Amino acid sequence: MHIGIIGATGGIGSRVVTEALHRGHHVTALTRDAGRISEERDNIVWKSVDVLDAESIAAVLPGLDVLISGYQPGNAANDFADTVSRSIADPTVYATAARALLKALESHLRTRLIVIGGAGSLEIEPGLVRADSDELLHESLDQLGLPGGYAAAVRGHRDALNVLRTSNRLWTYFSPAEEIAPGRRTGRFRIGGDQAVLDADGRSRISSEDAAVALIDEVELPRFVQRRFTIGY
């Protein structure tokens, strides 16, 4: 398949690129400035894109079966603190990106869209969403070592999901586990819908490598079109 990946240099995006290539797919790796990328792998081309501009996105869509967006302001893989501060400064960027992506797809109706979002909009028990509770949200941010102001960004991700939910495009929203970090590719995890997947210790966690596995699984065998899904150990 031909897969476009926005945020291809990011912590998750770079692993999605590797996973897609490993499975024999063709990748169009998309980043803000492709001119600075040196690439020697087969079946991959790099292009520049502005994810907040529908015309820029539409220009890279021809030939793609699926577009995966791992957009974050800044580059979290290189400077996580900068991404956090940018996300707090303007939490509306996630919804803005979602609208631009959907607008671009209006001229490419068969191209699927998978947006990598946040875990804060997951139900931690039936009817209880962390993003809707200041107390629960700040408790989670403290545990993850994130500043309280990041609550606005968590809700920004939720707003982006709500934008997608109003669309009839072929979208999928992926909420990784609350705890996600580089680790091992095990290929063994559980899949959920709108509720967080918790391990035996009550933790929502996954490696970036296994998140990439789940994303390419969804590319190859769509199960969550016009739906959200999540994963965890």
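Is Phe224 buried or exposed, and at what relative accessibility? I looked this up and found that Phe224 counts as buried, at 6% relative accessibility. I take buried as under 20% relative accessible area, exposed as over 50% and partly exposed as in between, with a 1.4 Å probe and protein chains only.

**Basis.** The model is predicted, so I read local features only at pLDDT of at least 70 and side-chain atom pairs only at pLDDT 80 or more, while totals for chains, interfaces and linings use all residues. I number residues from 1 along each chain as its sequence is written, and side-chain values use heavy atoms, with hydrogens and water left out.

**Whole chain.** I counted seven helices and 12 strands; these are DSSP runs numbered from the N terminus, H or I of at least four residues for helices and E of at least two for strands. The chain has a radius of gyration of 16 Å, close to the 17 Å from the globule rule for 233 residues, so it is as compact as a globular protein of that length. That radius is taken over C-alpha atoms, and the rule is 2.2 Å times the number of residues to the power 0.38. The C-alpha trace spans about 45 × 35 × 35 Å along its principal axes. I found 50% of the 233 residues buried. Among contacts (heavy atoms within 4.5 Å) with a separation of 6 or more, 69% join residues 24 or more positions apart.

**Aromatic rings.** I found three aromatic pairs in the structure. Rings of Phe, Tyr and Trp (its six-membered ring) pair if their centres lie within 6.5 Å; planes under 30 degrees apart are stacked, over 60 edge-to-face, the rest tilted. Phe174 and Phe229 are a tilted pair because their planes stand at 40°, with ring centres 4.8 Å apart. This pair links distant parts of the chain, as Phe174 lies in β8 and Phe229 in β12 (residues 227–232), 55 residues apart. Phe224 and Phe229 are stacked, at 4.9 Å centre to centre and 15° between the planes. Phe229 has a relative accessible area of 1% and is buried. I noted Phe174, Phe224 and Phe229 as one aromatic cluster.

**Nonpolar cores.** I define a nonpolar core as buried Ala, Val, Leu, Ile, Met, Phe, Trp, Tyr and Cys residues joined through side-chain atoms within 4.5 Å. The largest has 39 residues, and those touching the most other members are Ile6, Ile57, Leu67, Leu101, Leu113, Tyr150 and Leu164. Elements that each supply at least two residues of this core include α2 (54–60), β5 (112–116) and α6 (151–165). Its largest share, 10 residues, comes from α4. I checked Leu113 beyond four places in sequence: it touches Leu67, Leu101, Leu102, Leu105, Leu164, Leu170, Trp171 and Thr172. A second, separate core of 31 residues includes Ile3, Ala8, Ile114 and Ile116.

**Helices α1 and α7.** In α1 (residues 13–22) I found Gly13, Val16, Val17, Glu19, Ala20 and Leu21 buried. Their cover includes β1 (2–6), β2 (26–31), β3 (44–48), β4 (66–69) and α7. Helix α7 (residues 208–220) is itself mostly covered, with 11 of its 13 residues buried.
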